[in-house]
Amino acid sequence: MGNRHGEPVWYELMCRDLSVTEPFYAAVVGWNFVDTGMDNAPGYRFIRHGAGDYDAMGGALALTDEMLAGGARPMWAVYFAVEDVDATVAAITARGGSVLMPAFDLEHVGRMAFVADPQGNPFYVMRGFSDMESRVFGETGEDTGLCGWNELITPDVEPTLGFYRDILRFDTEERMPMGPELGDYVFLKTGESMIGAAMMKTPDSPAGWRFYFRIADIEAGKAAVEANGGTVVFGPMEVPGDEMIIIALDPEGTIFGLVAPKKD
């Protein structure tokens, strides 16, 4: 795989009904959902942010009744690149994490496992079979349709940070104080790239990974959420970097964020 250990390489939407979620995100973020054409992934859909064959930033699948009965729920998930999936899974369990789906190979794609940190926050680890770099994270306002920020909400920040430093080699030195009740907003870096941050859970914010997708205009995004069956639960709010964000729920109640350049 052409990505650094710890970099996000794929985002995945798990939902109950693709006929509801696809048109919602198409209207809000501008994505196109297309069949994969892969016999080993029936029903799986690519989420494209552009017109090219390699412009996929993630995938989407409808949860089956069996999955739902087994505890699966609608959510967004991230795949992090790792050098060795099996060694990483062993390190995760040794550090108090858990395995939600054991490591497996997906033909022509890669080896992956669905895991959780010690606080129960789920994510994937993956090593692709190709040396091609996966570019699904965008750091500037020009990267519309990509994920622009990965935010981890956790009830126990410092132990959680230690886990991710060990497992994904995140640099967590840079911090922004948010007051005595919230503590620090701790930035997460892999190499020279700042991919997101971690913060303490509050009573009105669910724990877990939250993803902010890049759009061109936050007010237009807010209007699209509300016009297509979603709910805005926070914002618009200005954040550092001359950007604006909202946090919203899609029609199935799955939380996500939007980020856009601040307008003059």
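Colleague: Why is phenylalanine 234 called partly exposed?

Modeller: Keep in mind that this is a predicted model. Phenylalanine 234 has a relative accessible area of 37%. Buried means under 20% and exposed means over 50%, so with 37% phenylalanine 234 is partly exposed. Its place is in strand S14.

Colleague: What makes Val233, Phe234 and Met237 a nonpolar patch?

Modeller: A patch takes residues with over 30% relative accessible area and no salt bridge, and nonpolar side chains are joined within 5 Å. Val233, Phe234 and Met237 form such a patch on the surface, and together they have about 250 Å² of accessible area.

Colleague: Where does strand S14 stand in its sheet?

Modeller: Strand S14 (231–239) stands at an edge, and so does strand S10 (175–177). Each has a single partner strand, so one side of each is left without a neighbour in the sheet. The order is S10-S11-S12-S9-S13-S16-S15-S14, an open sheet of 8 strands with mixed pairing. On average, neighbouring strands there are turned by 25° against each other, direction ignored.

Colleague: How do you know that S15 and S16 pair?

Modeller: Two strands pair if there are at least two bridges between them. Strand S15 (residues 243–249) and strand S16 (residues 255–261) have 7 bridges, in the antiparallel sense. As examples, isoleucine 245 has valine 259 in S16 as its bridge partner, and isoleucine 246 stands opposite leucine 258 in S16. S15 and S16 form a hairpin with 5 residues between them, and in the turn glycine 253 has a positive phi of about 90°.

Colleague: And what makes S13 and S16 a pair?

Modeller: The cut-off is at least two bridges, and S13 and S16 have 3, in the parallel sense. Phenylalanine 213 stands opposite leucine 258 in S16.

Colleague: Why is S16 called largely enclosed?

Modeller: Residues count as buried at under 20% relative accessible area. In S16, 5 of the 7 residues are buried, so the rest of the structure largely encloses this strand.

Colleague: Which strands does helix H1 lie across on that side?

Modeller: Helix H1 (residues 18–29) lies across strand S13 (208–214), S15 and S16, and runs at about 20° to S16. Helix H4 (residues 157–168) also packs on the sheet, where it touches strand S9 (147–154), S10, strand S11 (184–190), strand S12 (193–200) and S13. The direction of H4 makes about 130° with that of S9.

Colleague: What does H1 touch in the other sheet?

Modeller: That other open sheet has 8 strands in the order S2-S3-S4-S1-S5-S8-S7-S6, with mixed pairing. Its edge strands are strand S2 (32–35) and S6, each pairing on one side only. H1 packs on it, touching S1, S2, strand S3 (45–48), S4 and strand S5 (75–81), and the direction of H1 makes about 130° with that of S1. Strand S1 (residues 8–15) and strand S4 (residues 56–62) pair there in the parallel sense over 5 bridges, with cysteine 15 opposite alanine 62 in S4.

Colleague: How do you know that aspartate 166 and arginine 95 form a salt bridge?

Modeller: The side-chain nitrogen has to lie within 4 Å of a carboxyl oxygen. For aspartate 166 and arginine 95 the N to O value is 2.7 Å, so the pair qualifies. Aspartate 166 lies in helix H4 and arginine 95 in the loop between helix H3 (85–94) and strand S6 (98–106), so the pair ties together parts that are 71 residues apart in sequence. Arginine 95 is partly exposed, at 32% relative accessible area.

Colleague: Why is the contact of arginine 175 with aspartate 184 still called a salt bridge?

Modeller: The closest N and O atoms are 3.8 Å apart, which is within 4 Å, so the pair counts. Arginine 175 is partly exposed at 30% relative accessibility, and aspartate 184 is partly exposed at 29%.

Colleague: What makes glutamate 238 and lysine 262 a salt bridge?

Modeller: Here the closest N and O atoms are 3.2 Å apart, within 4 Å, so this pair counts too. The pair links distant parts of the chain, 24 residues apart, with glutamate 238 in strand S14 and lysine 262 in the segment after S16. Glutamate 238 is partly exposed at 42%, and lysine 262 is partly exposed at 37%.

Colleague: How many salt bridges does the count come to by this rule?

Modeller: The count comes to 13 salt bridges. Glu22, Asp35 and Arg45 are linked in a network of them.

Notes
Residues are numbered from 1 along each chain as its sequence is written. This is a predicted model: local features need pLDDT of at least 70, side-chain atom pairs count only at pLDDT 80 or more; totals for chains, interfaces and linings use all residues. Side-chain values use heavy atoms; hydrogens and water are left out. Helices (H or I, at least four residues) and strands (E, at least two) are DSSP runs, numbered from the N terminus. Axes are lines fitted to C-alpha atoms, for helices over the stretch in contact, and angles run from 0 to 180 degrees between N-to-C directions. Contact means heavy atoms within 4.5 Å. Patches are made of residues with over 30% relative accessible area and no salt bridge: like charges are joined within 9 Å, nonpolar side chains (Val, Leu, Ile, Met, Phe, Trp, Tyr) within 5 Å. Accessible areas come from the Shrake-Rupley method with a 1.4 Å probe; for residues, only the protein chains shown count as cover. Buried means under 20% relative accessible area, exposed over 50%, partly exposed in between (1.4 Å probe, protein chains only).
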